[in-house]
Amino acid sequence: MRQNSTRAKEPAEKTVRDIRRRTRKQYSAEEKIRIVLEGLRGEDSIAALCRREGIAESLYYSWSKEFLEAGKKRLAGETAPQVNTGVVRELRREMRDMKELVADLVLENRLLKKSMIGEGGDDA
């Protein structure tokens, strides 16, 4: 009878592990920064902070290390600031508009030159 309960228990544990793996919370960069800054403030212990946020202390310390290293590199000028796709899209649209404006001005300039030449103005 014990063998049957052991066999039934193994798939149940595997199912629980699979569910936990699939339902693991994904933290955004903003959430990670908020948690790390809260820990650096030192109002609560790191253990209390991690319990409240539902994360392992080792995860907090790895986020903290990444945060501080990235800040150090940025302050040293080793990294360029990140640009989001919205900004890139806006800059590309602005560049396209400016190219169209330049093309219109060049065309208008050529037409004015031709009209000056046609009226007997200077060739130069």
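## Salt bridges and a nonpolar core

Glu38 and Arg34 pair up in a salt bridge, with their closest N and O atoms 3.5 Å apart. (A salt bridge here is a side-chain nitrogen of Lys or Arg within 4 Å of a carboxyl oxygen of Asp or Glu.) This is a predicted model, so local features need pLDDT of at least 70 and side-chain atom pairs count only at pLDDT 80 or more, while totals for chains, interfaces and linings use all residues. Residues are numbered from 1 along each chain as its sequence is written, and side-chain values use heavy atoms, with hydrogens and water left out.

**Salt bridges**

- The structure holds 10 salt bridges. Side chains of opposite charge can pair when their charged atoms come close.
- Why can Glu38 and Arg34 be described as about one helical turn apart? Because they sit 4 residues apart in helix H2, residues 29–41. (Helices, H or I with at least four residues, and strands, E with at least two, are DSSP runs numbered from the N terminus.)
- Glu38 is partly exposed, at 21% relative accessible area, and Arg34 is partly exposed too, at 38%. (Buried means under 20% relative accessible area, exposed means over 50%, and partly exposed is in between, using a 1.4 Å probe and protein chains only.)
- Arg34 also has a salt bridge with Glu53, at 3.2 Å from N to O. Arg34 lies in H2 and Glu53 in helix H3 (residues 46–53), so this pair ties together parts that are 19 residues apart in sequence.
- Over in helix H5 (residues 85–118), Glu90 and Arg93 are 3 residues apart, about one helical turn. Their side chains meet in a salt bridge of 2.6 Å, N to O.
- Glu90 is partly exposed at 37% relative accessibility, and Arg93 is partly exposed at 37%.

**The nonpolar core**

- Which residues make up the largest nonpolar core? The 9 residues are Tyr27, Ile35, Val36, Ile46, Leu49, Cys50, Ile55, Tyr60 and Trp63. (A nonpolar core is a set of buried Ala, Val, Leu, Ile, Met, Phe, Trp, Tyr and Cys residues joined through side-chain atoms within 4.5 Å.)
- H2, H3 and helix H4 (57–75) are the elements that give two or more residues to this core. The largest share comes from H3, with 3 residues.
- Leaving aside neighbours within four places in sequence, Leu49 is in contact with Ile35, Glu38, Gly39 and Tyr60. (Contact means heavy atoms within 4.5 Å.)

**How H2 meets H4**

- H2 and H4 pack at an angle of about 95°, and their axes are 10 Å apart. (Axes are lines fitted to C-alpha atoms, for helices over the stretch in contact, and angles run from 0 to 180 degrees between N-to-C directions.)
- That angle makes H2 roughly perpendicular to H4. (Under 35 degrees counts as roughly parallel, over 145 as roughly antiparallel, 65 to 115 as roughly perpendicular, and the rest as oblique.)
- From H2, residues including Ile35, Val36 and Leu40 meet residues of H4, among them Tyr60, Trp63 and Phe67.

**A loop residue**

- Thr79 lies in the loop between H4 and H5, and Thr79 is partly exposed at 32% relative accessibility.
- Not counting residues up to four places away in sequence, Thr79 touches Lys73 and Arg74.
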